[in-house]
Amino acid sequence: MLGCLAPHPPHVVYAENPEQNEAFSEGGWETLRWGYNRLARKLKTIDYDAMVIFTPHWQTYIGTHFLGLPEFKSKSVDPVFPNIFRFNYDISVDVDLAEKMCEVAGDSGIITKMMRNPDFRIDYGTITSCHMLNPEWDKPLVTISSNRNAHYYSPEVMNEQAGALGKACAKAIEESGKKVVLISSHSLSHRHFVTESPLPEDMSREHIYNHSQYVWDMKLVDLMREGKMREVIDIMPEFTEQTIAETEAGGLTWMMAAMGYPDYPAEIYGYQSVIGTGNLIAAWDPMETTREIVL
Amino acid sequence: MTGPDILFGVYCPPHPQPLLSPDASEGYGKLREAYETCRKRIEESEADLILVYSTTWPSIIGHQIQAHPEPEWVHVDDDFHFLGSMPYKFSIDVEFAEAFRDAAKSRGLQSRTVSYDGFPIDTGSVVALKLLNPDNRIPACIVSSNMYANRAETIVLGKSARDAIQKQGKKAVIVVVSSLSNRMFTEHIDPVEDRIHSAKDDEWNRKILEFFADGRLEDLSQLSREIHGQIRVQKVVAYKPAWWMSATMGQHNNYTGEVLSYEALHGSGGAVVMLTPSSGSVGDKEFDEDDVEHYHGDRGVLDKGAL
């Protein structure tokens, strides 16, 4: 397993101008996009069977759900930024692996459900992260919904539940014999501006929402560079509350638990704000021979 | 000066069960019947606009207002996808949407219309419009709920809606899509065994319904912060529907209230309520928080200097 922290502001897809997206841009957010491009090139050199993504924008309150049909083809329109993201997608799903995860997680006491409605629309978080990491869309996905434990209980409960789900998913992957790339799809600090510049890609307007958010984000980046992922997860409830972080959905905790809380340095590919939120692209490569100091 | 012509208001839940599985439990069936009653009342009224405020349409860039003339899609709920799909095609009053946007801007709010093929209309709006206006006899408009907005912004948004209704001379039905208590069970349940998640949620819901039955909408608006703390899962910063509904309908307690149904929806409190303006009132009171006419943005506390 290789793990990627892959934020999903639709702005980065918009800025890339892929043929699937209806909106057209003049660019923008290059620090993130170039970081994504480099990580995507690395993934091309790795032999793996599927991408397994945990997405905050498929929000479920009744357990954790998994996509359960082999293909989904439709259009995803971002409900918040429809002006920049109207993406025509055609994705394949590794249903066997999804079912295995659903089964193992269920056996471990987690409430689960397979999603088999063919009209279901894939969320823009899944699409943005997967497109930026694999623009060719030549790998099947497993998409996992985010159960909103932080809303219903607390960030501490979220941490426990997402950790348990991560361990269950790791067991399912191991039993399947497959090689996967794990994707935790979210920003770090997550306070948005509530206005938008007339030209969304006007980079003269882009900055972090406030300095407190930046300092917290950098604290996490430093810990990641030092390979202290156990510590990152331990302070996750505090970080999440202080920065309204998108880690509230449990993605990073899920991925770190699945990877056994890496004690080796993360590869840092880029950090940049998008409409005020803090976005980091990072990867955890368990193979010492291929692990790099990127930035 | 006379106010805008608001015929009545409807408060209804966002969950899809009354639309997709009304026969799964007696309670879901009763909610469906209550929607049917509202539908008939709307049909019998002289309404030429249904204005929907949906708590399941969150926005970030101010408030968004649906302005596609005929939005069409097949919607599936994130949690209840196994209940089936919800194909829809609505008729939207684009001129009103644009007037509402302009009115909101003139009161200092960030606001924009959205008109894109395939825009994901939320579960709550789809359920409400399909049940209340199934044949699109009356043009509708839908406005989002900004996830960061609090009282001032939401009240000013309601007053903006009121401005636009008055300016266009519409006869409007106001629809607020929201649960009462919104904590659902976190496991799958047999619909027959559905019940309100806790006794506390049930008790608060019934107190809110007493206020609705007495027509005390402005009193409910004033209680919003307390309601949020007591029975709302902390997904957003505040319980906003009563603020918006009261501001839109005129900030008073002069209504004939009808609680048509109150049932559990996977543990949450689902009520269908009608509020019709009347001359009677339980009396208006003096409240702690100031009224607000214009939104001036966040207060620049840090720029004001310290003691």
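Modeller: Two residues are in contact if their C-beta atoms, placed from the backbone, lie within 7 Å. By that rule, 24 residues of chain A are in contact with 27 residues of chain B. On the chain A side, strand E2 (50-60), strand E4 (71-77) and helix H5 (149-152) each supply at least two of the touching residues. The largest share, three residues, comes from E2(A).

For chain B, the mean pLDDT is 94, and 95% of the residues reach 70 or more. Where pLDDT is low, the predicted coordinates should not be read in detail.

The part I have picked is strand E8 of chain B, which covers residues 171-177. Six of its seven residues are buried, so the rest of the structure largely encloses E8(B). A residue counts as buried here if 20 or more other C-beta atoms lie within 10 Å of its own.

Next come the strands that pair with E8(B). Strand E1 of chain B, residues 5-12, runs parallel to E8(B) and is joined to it by seven bridges. In this strand, B:Val10 stands opposite B:Val175 of E8(B). Strand E2 of chain B, residues 49-59, also pairs with E8(B) in the parallel sense, over six bridges. There B:Leu49 stands opposite B:Ala172 of E8(B). In a regular strand the side chains alternate between the two faces of the sheet.

Now the wider surroundings. Of the 307 residues of chain B, 55% count as buried. Its C-alpha atoms fill a box of roughly 55 × 40 × 40 Å along the principal axes. A compact globule of 307 residues would have a radius of gyration near 19 Å, and the 18 Å of chain B agrees with that.

The contacts within the chain can also be sorted by distance along the sequence. Among contacts in chain B with a separation of 6 or more, 82% are between residues 24 or more positions apart.

To return to the part picked: E8(B) is largely enclosed, since six of its seven residues are buried, and it pairs in parallel with E1(B) and with E2(B).

Terms used
Residues numbered from 1 in each chain as written. Chains lettered and ligands numbered in written order. Predicted model: local features only at pLDDT ≥ 70, side-chain atom pairs only at ≥ 80, totals over all residues. Buried ≥ 20, exposed ≤ 12 C-beta atoms within 10 Å, placed from the backbone. Helix = DSSP H or I, 4+ residues; strand = E, 2+ residues; numbered from the N terminus. Pairing = 2+ DSSP bridges. Rg over C-alpha atoms; globule rule 2.2 N^0.38 Å. pLDDT = per-residue confidence, 0-100.
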